[in-house]
Amino acid sequence: MNGSPAGVVEAAFRHYRSQDRAAALPLYADDFTFTSPQDDHIGKAAFFERCFPTADRFTEQRITHLVAADEELVLACYEYELTTGERYRNVEAITVRDGLIREVQVFFGGRA
């Protein structure tokens with residue numbers, strides 16, 4: 001695995017899609033927080049209980065842009081298709097420090 005912040009983010013997306021919780025857990029800091037329009041600063045345990053097990057809703061998820069904004073912040077834009085056939089785009093601002101994901105902020109987009 002590439003130990004750069006972008007490499008850590010790519011690995012996290014890959015483990016989410018394959019639902020490999022054992023491989024994903026070590027990528028996240030103990031004080032990790034996740035924020036989206038549906039979740040307000042939830043911690044690591046809540047994220048892995050509520051959000052991580054949702055990959056089965058997707059038939060496809062494709063990262064369209066992955067940009068290292070600085071030495072810690074990675075911006076990931078992705079498109080996904082739900083099992084219903086609907087397609088959407090989201091952007092995530094992901095802070096990676098010392099090889100661990102510290103924070104994810106998700107910004108929901110519209111239909112693709």
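The sulfur of Cys51 lies 19 Å from the closest cysteine sulfur, that of Cys77, which is too far for a bond. A disulfide needs two cysteine sulfur atoms within 2.5 Å, and this predicted model holds zero disulfides.

- Cys77 is in no disulfide, because the nearest cysteine sulfur, in Cys51, is 19 Å away.
- Cys51 counts as buried, since its relative accessible area is 14%, and buried means under 20%.
- Cys77 is buried too, with a relative accessible area of 18%.

**The nonpolar core**
- In soluble globular proteins, nonpolar side chains tend to be buried together.
- Here, the largest nonpolar core has 29 residues.
- The residues with the most contacts inside this core are Tyr28, Phe32, Phe34, Phe47, Ile94, Ile101 and Val104.
- Two or more residues of the core come from each of α1 (5-18), β1 (28-36), α3 (44-51), β4 (73-82), β5 (87-97) and β6 (100-111).
- Among these elements, α1 gives the most, with six residues.
- For a closer look, take Tyr28: leaving aside residues up to four places away in sequence, Tyr28 touches Ala12, Lys44, Phe47, Phe48, Leu100 and Ile101.

**The largest pocket**
- The largest pocket has a volume of about 520 Å³.
- It is lined by 25 residues, and the closest to its centre are Tyr16, Phe34, Thr54, Tyr78 and Glu92.
- At least two lining residues are supplied by each of α1, β1, α3, β3 (58-68), β4, β5 and β6.
- The largest share of the lining, four residues, comes from β6.
- By residue type, the lining divides into 16 nonpolar, five polar and four charged residues.

- Gly3 sits in the segment before α1.
- Is Gly3 buried or exposed? Gly3 counts as exposed, because its relative accessibility is 55% and exposed means over 50%.
- Gly3 and Ile42 are 39 residues apart along the chain, and their C-alpha atoms are separated by 25 Å.

Technical notes: Residues are numbered from 1 along each chain as its sequence is written. This is a predicted model: local features need pLDDT of at least 70, side-chain atom pairs count only at pLDDT 80 or more; totals for chains, interfaces and linings use all residues. Side-chain values use heavy atoms; hydrogens and water are left out. Buried means under 20% relative accessible area, exposed over 50%, partly exposed in between (1.4 Å probe, protein chains only). A nonpolar core is a set of buried Ala, Val, Leu, Ile, Met, Phe, Trp, Tyr and Cys residues joined through side-chain atoms within 4.5 Å. Contact means heavy atoms within 4.5 Å. On a 1 Å grid over the protein atoms alone, a cavity is a set of points where a 1.4 Å probe fits but cannot get out, and a pocket is an open set with protein on both sides within 12 Å along at least five of seven lines; lining residues have an atom within 4 Å of a point. Grid points are joined across faces, edges and corners, and a volume is the space filled by probe spheres set on the points. Ala, Val, Leu, Ile, Met, Phe, Trp, Tyr, Cys and Pro count as nonpolar, Asp, Glu, Lys and Arg as charged, and the others, Gly among them, as polar.
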